[in-house]
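The exercises below are to be worked with the sequence and the coordinates at hand. Each task is followed by a solution in steps.

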Amino acid sequence: MAPVQAQVLLSPAELSYLHSSLSLNPPIRPDGRSPTQFRPLVAESDILPGANGSARVCFADGTEAIVGVKAEVEKSQWRPTPQKESADVEMDDEQEEEPGVGENSWVEMSIEIPGFRDDDPLPVFLSAMLTEALLASGDLKDRLYINRRFHWKLYVDILLISPPLAYPLPLLSLTTHLALLSARLPALKSERDEDPLFDDDWEASTPIYPRSGRQKPYSAYLDKPPVTLLVMAVGQNIIFDPSKEELAVAEAVMAISCAASQSQTAEAVRLLSIRTIDPPSRLTPPGIPNLLNSATGGVAPVSSTDAMAQREAMSLLGVWTPPRGGIKRNLVGRVLKMVVEKGGVAEEVLEALEKIEVES
Amino acid sequence: MTSAQTIVLPGDTIAPNALPTSANPNKPLTLGPGLRHIPPQTITTTIAGALSTDSKKNAAWIEYNSGRYTPSTSDLVIATVTNSVSEAYSCTLTPYTPTVTLPHLAFESATRKTRPQLANHALVYARVVSASRDTAPEITCIDPSTGKSEGLGPLKGGMVFPISMGMARRLLSGRKGGVNVLEGLSERLAFEVAVGRNGMLWVDGGNVRTTLAVGRAVQEVDTEALGDKGQSKVVDRVLRGL
Amino acid sequence: MPLDTSTYALALLRLDGRRWNELRRIHAQISTQAAADGSSYLEMGNTQVICTVTGPAEGRNTGAGRSGGKEGEANLEVEIGFAGFSGVDRKRRGKGDKRTAEMAHTLSTAFSSLILMHLYPHSTISIHINILSQDGSILAACINAATLALVDAGVPMTDYLVACTAASSPTTSTSAGSDDVSDPLLDLNAMEEQELPFLTLATVGGGEKITVLVMETRVRVERIEGMLAVGIEGCKRVKDILDGVVRGFGV
Amino acid sequence: MAPQALLSPLHQADGSATYSANGYSVIGAVNGPVEVSRRDELPEEAAIEVNVRPAAGVGGPRERHLESLIQSTLRHIILTRAHPRTLIQVTLQVTSLPEEESSVGDGSGFSFSSLPVLPPLLTTATLALLSASIPLSTTLSATLVAITAAGKIKCAPTAAELVRASAKVSSLHVFAFSVGRALLLAESEGDFEFGAWESACEVAEDACCKSVEGMEVDGEVENGQEFLRGVVEGKVGREMRWRTAA
Amino acid sequence: MPRAAEISVNEREFILQGLKENIRLDGRPFDAFRSLELNFGDEHGVADVQLGKTRVIARVSAEVTAPFVDRKFDGIFNISTEFSPMASPAFEIGRPTEAENILSRILEKAIRRSGALDTESLCIIAGLKCFSLRADLHVLDHDGGLIDASCIAVIAALQHFRRPDVAVEGENATIFSIREREPIPLSILHHPICVTFSYYNAGGIMLVDANLAEEQVREGEVVITMNRHGEVCQIAKYGGVSVDALALLNCTSVALEKVKDITKFIQRRLEEDAKKRDVGGLIAELSAENAR
């Protein structure tokens with residue numbers, strides 16, 4: 001289970017109010033957003049002169065992340081070739097060349113969060129989740145293949161500049177997405193298995209995530225990095241991009257990673273991974289019903305287990321009870337549908353992110 | 001006081017004839033620092049030093065000069081205030097040791113409103129009230145029997161000079177300590193001193209030069225272990241220097 | 001590889017086209033992050049740093065406080081991080097890196113004497129700096145960014161602390177070939193730092209008084225005066241630029 | 001060369017001593033009783049912390065091993081119950097080694113035994129504790145004994161004697177004794193039989209402790225306890241000079 | 001953890017008042033070092049420095065290793081400064097304090113980065129074998145001026161050290177033990193010495209070689225490292241009180257004077273030690289012959 005940061009200081013009464021307003025149909029969110037609406041954000045990409053790709057994103061709540069992508073040439077470990085190459089492969093035609101196969105270790109990700117050590121559970125978990133999605137999303141690692149002796153090693157360094165106020169996953173994922181979109185590799189000048197030699201001209205460099213056209217202005221992307229969205233559920237309502245306060249009353253939280261679909265199938269995006277996240281609401285203090293409060297004329301329970309049992313039995317409206325148990329299967333199904341369907345949330349997000357790149 | 005010194009090491013057994021023989025058989029033998037009694041009859045040493053006895057008081061102890069000060073009841077000490085908690089000041093006697101407490105009301109005619117306000121790192125001259133193995137030591141700036149300060153209280157101005165614990169004992173034991181350097185200096189200089197058993201000497205001569213001269217003279221007597229003659233020489237030199 | 005000074009000799013220009021007393025472009029912003037009490041972003045040429053300030057906030061119980069603020073004064077904590085992608089080669093520096101710790105110590109002692117620390121007893125002010133891109137004058141950039149972020153956070157200070165680097169290069173004047181004659185240079189980039197003896201200095205409010213002076217390369221003592229003079233002049237100009245940023249933000 | 005010792009050479013520490021013998025020089029410092037961290041606090045007695053620092057490099061497993069041996073030995077001579085919930089910190093810095101041990105690592109893979117340095121460390125620790133006036137139940141003296149393949153017993157051999165090929169040392173032993181001739185520590189390494197160990201122990205006891213019968217003949221090598229006494233007498237005598245100076 | 005001892009209000013005020021009246025606690029002039037003592041051990045490369053009550057020992061040792069891949073023609077030289085609780089119970093092993101970090105950085109810059117040691121001369125076979133030299137610094141007594149004392153100790157120990165002689169034949173190197181061949185002194189290019197200046201009274205008063213009490217009440221300090229040829233190797237002023245540029249320049253000229261004196265002192269002590277050793281060496285040689 002993922003560790004969750006940032007306890008919110010809300011009273012049981014506030015939690016209860018928030019929970020009931022989010023349970024309405026349609027839900028009423030504290031900031032007036034619709035269930036699928038994201039908070040506004042400020043983003044820019046390609047901000048660092050020394051990195052292959054970079055991006056900076058600030059969320060409206062003040063959290064800010066910077067991601068730098070750096071590629072370095074590394075010697076590949078020798079691998080036995082699966083088949084003998086014929087001597088006269090036409091070098092000019094890319095389609096004819098046998099595509100190299102990449103390895104997972106060619107992509108390395110690190111996350112720095114202020115106040116956390118590198119081996120604390122939160123950074124480790126987040127980086128595992130983001131790496132997993134990145135490697136699963138397509139043939140990124142294959143594009144790092146230079147020749148049989150060399151490959152690109154891609155370092156994705158994620159810095160959270162602000163304290164982790166809300167669960168930082170969506171912020172980090174979006175920033176990484178933008179940084180990877182802007183990342184470019186210098187053009188290869190050497191041939192085949194020679195020591196690699198690259199074109200100094202940055203204009204000639206190629207984006208890591210290729211587009212159909214070769215010249216500016218680029219047309220559509222052939223492939224895109226994944227995004228990881230945070231979704232929560234309250235009652236029957238599904239709420240996207242929850243704020244810190246909303247997470248405090250979530251009944252279930254899921255991190256869903258998806259990437260743009262390459263083939264023209266019914267769904268706009270491919271689903272890469274789903275992880276449930278322990279909602280912070282479980283740790284919130286329960287409200288005490290009047291019936292159990294001696295100050296309001298009730299009878300105080302004798303033990304804490306007794307108190308819990310009695311509260312459970314009552315389930316009064318307006319008294320906050322921390323949610324327990326898991327997610328219903330059909331709810332998961334609905335969430336997935338909302339994410340991946342054509343014109344669904346994921347597609348919308350991916351399109352929005354692409355625009356940032358174009359504008360910058 | 002014994003004329004010839006008996007130097008003992010830990011684990012040495014004190015021969016019965018080396019112990020004081022009291023005229024009064026009812027007066028029990030008092031063992032001071034560095035000696036311990038292993039029943040029934042054995043008395044052994046625990047620290048290295050010179051065996052000293054006092055037959056009048058029927059007491060024996062070990063004179064030693066080095067090591068860290070450990071508080072014991074009725075010692076005079078110079079304490080440094082580290083902070084103020086609800087009812088008392090926390091003070092240190094030596095660095096890196098747990099703090100001792102000095103109640104806010106343990107000053108002459110102190111009430112809640114009139115107690116002295118001591119800044120952090122201020123110095124006070126105080127007496128150890130209790131120092132048991134198992135509780136934090138407590139110090140006071142009044143004589144409990146008279147309620148008067150008897151010279152104790154906050155030390156303003158001046159300077160503290162580190163001295164050895166043996167020197168502190170000598171300074172506090174009057175004639176027996178064999179220190180006359182201060183008297184010598186006082187013939188021509190006016191100054192105040194306070195001696196803390198925790199190895200501190202506070203001197204205030206009204207100006208930097210006098211304070212330093214007095215402090216350094218005592219330090220010299222300490223490090224060189226000077227006798228009467230040596231001390232007179234120091235006094236002469238210091239007075240000529242001013 | 002000695003620095004190719006031939007271009008400089010001919011056109012009196014440096015490799016990046018600057019004259020000897022020219023600063024690189026300084027671009028700065030304040031209030032870049034809503035979550036921090038104060039924040040800034042600063043570029044000196046291709047060196048980029050981002051700085052956030054939190055506090056004065058309730059202090060952690062002294063404990064192993066870094067600069068262990070004095071009794072009755074605030075405690076200033078400084079943390080500096082080099083981003084993995086900030087250098088030419090991708091490299092991660094651990095938290096225990098001594099050079100980084102030295103920089104953090106420099107900032108903490110320098111700003112401790114400028115901030116009115118006695119106004120905030122039992123409190124902690126913390127400065128977090130992330131170095132995003134390294135191209136020389138890094139310590140200077142950190143100091144300038146921290147000044148801006150502290151101003152943004154409304155932390156009371158006696159004045160700005162502004163910093164820049166100055167170097168001494170072999171002379172270009174043809175008259176003397178002796179070692180004693182040298183030309184100072186202002187605001188070094190990474191390549192110049194590799195080749196020339198240089199120092200980083202910080203002055204209070206762009207005045208004559210030096211708060212920070214760090215030099216790590218061997219140089220003849222006679223050359224120091226020239227470097228200091230150029231550095232102080234440079235700090236004056238940095239002060240004006242930072243002042244402009246702060247005033248511009250208010251508009 | 002006869003062993004040499006100096007009490008209280010340092011100013012900052014509560015007690016200190018330097019000791020050199022057989023090519024080893026050690027400087028020891030004792031701080032205590034000082035405040036102890038919660039983690040190490042013992043409710044009824046003082047905690048003892050021993051740090052052994054090698055002449056070159058930072059400490060490794062060898063130093064940790066020596067530390068634990070010394071710590072458990074000192075625990076038995078320090079009256080720890082006199083200062084409960086405090087810390088007595090013993091730091092031992094090796095300052096010089098015999099040439100044989102310190103010479104450049106020649107890659108032969110020969111590693112010098114950790115036993116020969118143990119007696120000087122123990123002696124220095126004892127002297128430093130005396131200097132710090134930490135209450136002790138007894139003093140301690142220690143020595144190294146080597147047994148050759150031929151069964152010859154050599155007390156306090158020098159490093160040169162140990163590495164000399166002709167010596168054929170088959171086992172090394174360190175013994176420490178109290179004033180009351182009680183065995184405080186015995187560490188052995190190598191091949192030996194119990195009989196040989198017993199005689200080695202006897203040789204060591206004679207080297208460490210005052211003979212029971214009274215004074216030895218003049219010219220006899222000074223034993224460990226007498227050495228300690230001499231050092232302490234020198235120091236106390238100096239400090240008490242003022243009494244006789246009058 | 002044990003808290004560091006803080007100086008009392010009385011002492012602070014007294015010291016500052018004294019400085020205003022031109023008096024230091026130990027009666028020194030403002031620009032004087034405390035008495036400096038330097039002793040060498042029986043072994044080569046051990047220097048024991050006493051600066052007033054501050055005492056540090058530096059010990060240089062060498063071993064043969066492979067050089068770094070990116071520096072094939074250079075030997076390895078490291079300075080290690082690990083404080084032990086010997087000098088102060090506040091020092092904890094394995095947990096470097098800020099003071100320790102700064103000391104280590106300044107020595108690094110003053111000695112290593114300034115190229116005091118010719119590391120190329122430590123190379124035996126390029127890319128294969130070289131001497132790895134380390135200087136271990138042991139702080140025994142801490143009464144201020146640690147940086148200055150440590151620098152003197154390391155520089156003196158480096159000058160005193162002798163490395164084993166080597167003979168190279170192709171790919172094979174023979175390292176001779178001290179008995180086989182007279183060991184060789186290191187090739188030292190210049191002798192950097194640190195001088196610490198402490199500031200008081202808003203920068204108006206400047207002290208050379210402050211002791212611990214003076215360090216505790218100072219408002220700022222600058223460490224200047226120079227060699228006797230008038231080259232500045234390192235300057236470190238990490239904040240503190242602001243000082244006029246001219247005052248800093250003045251420090252460099254005071255430092256140069258001190259550096260010249262100290263360098264000369266080290267030289268004299270080295271010569272005295274060499275003389276002493278020469279006598280010993282002769283006797284040792286004779287006795288060695290007798291042994292055979």
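**Exercise 1. Confidence in chain A**

Task: State the average pLDDT of chain A and find where pLDDT stays under 50.

Solution. The model is predicted, and confidence is the place to begin. Chain A has an average pLDDT of 79, and 84% of its residues score at least 70. In chain A, pLDDT stays under 50 over residues 1-6, a stretch with 19 contacts beyond four places in sequence in the model. Residues 84-97 of chain A also stay under 50; for these the model has six such contacts.

**Exercise 2. Fold content of chain A**

Task: Count the helices and strands of chain A, then give the share of buried residues and of contacts that join residues at least 24 apart.

Solution. The count gives seven helices and eleven strands in chain A. Of its 360 residues, 37% count as buried. For the contacts, take those between residues at least 6 apart in sequence; 67% of them join residues at least 24 apart.

**Exercise 3. The setting of A:Arg56**

Task: Is A:Arg56 buried or exposed, and which residues does A:Arg56 touch?

Solution. First locate the residue: A:Arg56 belongs to strand S2 of chain A, residues 53-59. Then count neighbours. A:Arg56 is buried because 25 other C-beta atoms lie within 10 Å, where the cut-off for buried is 20 or more. Leaving out residues up to four places away in sequence, A:Arg56 touches A:Ala43, A:Glu44, A:Ile47, A:Ile66 and A:Thr175. Finally, compare sequence and space: A:Asp46 is ten residues from A:Arg56 in sequence, and their C-alpha atoms are 8.5 Å apart.

**Exercise 4. An annotated domain in chain E**

Task: Describe the two spans of chain E that UniProt annotates as "domain: Exoribonuclease phosphorolytic".

Solution. The annotation comes from an unreviewed UniProt entry and covers residues 33-164 and 192-257 of chain E. In the span 33-164, the end C-alpha atoms lie 36 Å apart, with 23% helix and 36% strand. In the span 192-257, the end C-alpha atoms lie 13 Å apart, with 29% helix and 50% strand.

**Exercise 5. The contact between chains D and B**

Task: How many residues does each chain give to the contact, and which element of chain D gives the most?

Solution. Chain D gives 35 residues and chain B gives 29. On the side of chain D that touches chain B, at least two residues each come from strand S3 (24-34), helix H3 (118-131), helix H6 (224-239) and helix H7 (241-245). H6(D) gives the most, with seven residues. By class, this side of chain D has 17 nonpolar, ten polar and eight charged residues.

How values were computed:
Residues numbered from 1 in each chain as written. Chains lettered and ligands numbered in written order. Predicted model: local features only at pLDDT ≥ 70, side-chain atom pairs only at ≥ 80, totals over all residues. Helix = DSSP H or I, 4+ residues; strand = E, 2+ residues; numbered from the N terminus. Buried ≥ 20, exposed ≤ 12 C-beta atoms within 10 Å, placed from the backbone. Contact = placed C-beta atoms within 7 Å. pLDDT = per-residue confidence, 0-100. UniProt positions renumbered as here; feature names shortened; annotations may be inferred. Nonpolar A, V, L, I, M, F, W, Y, C, P; charged D, E, K, R; others polar.
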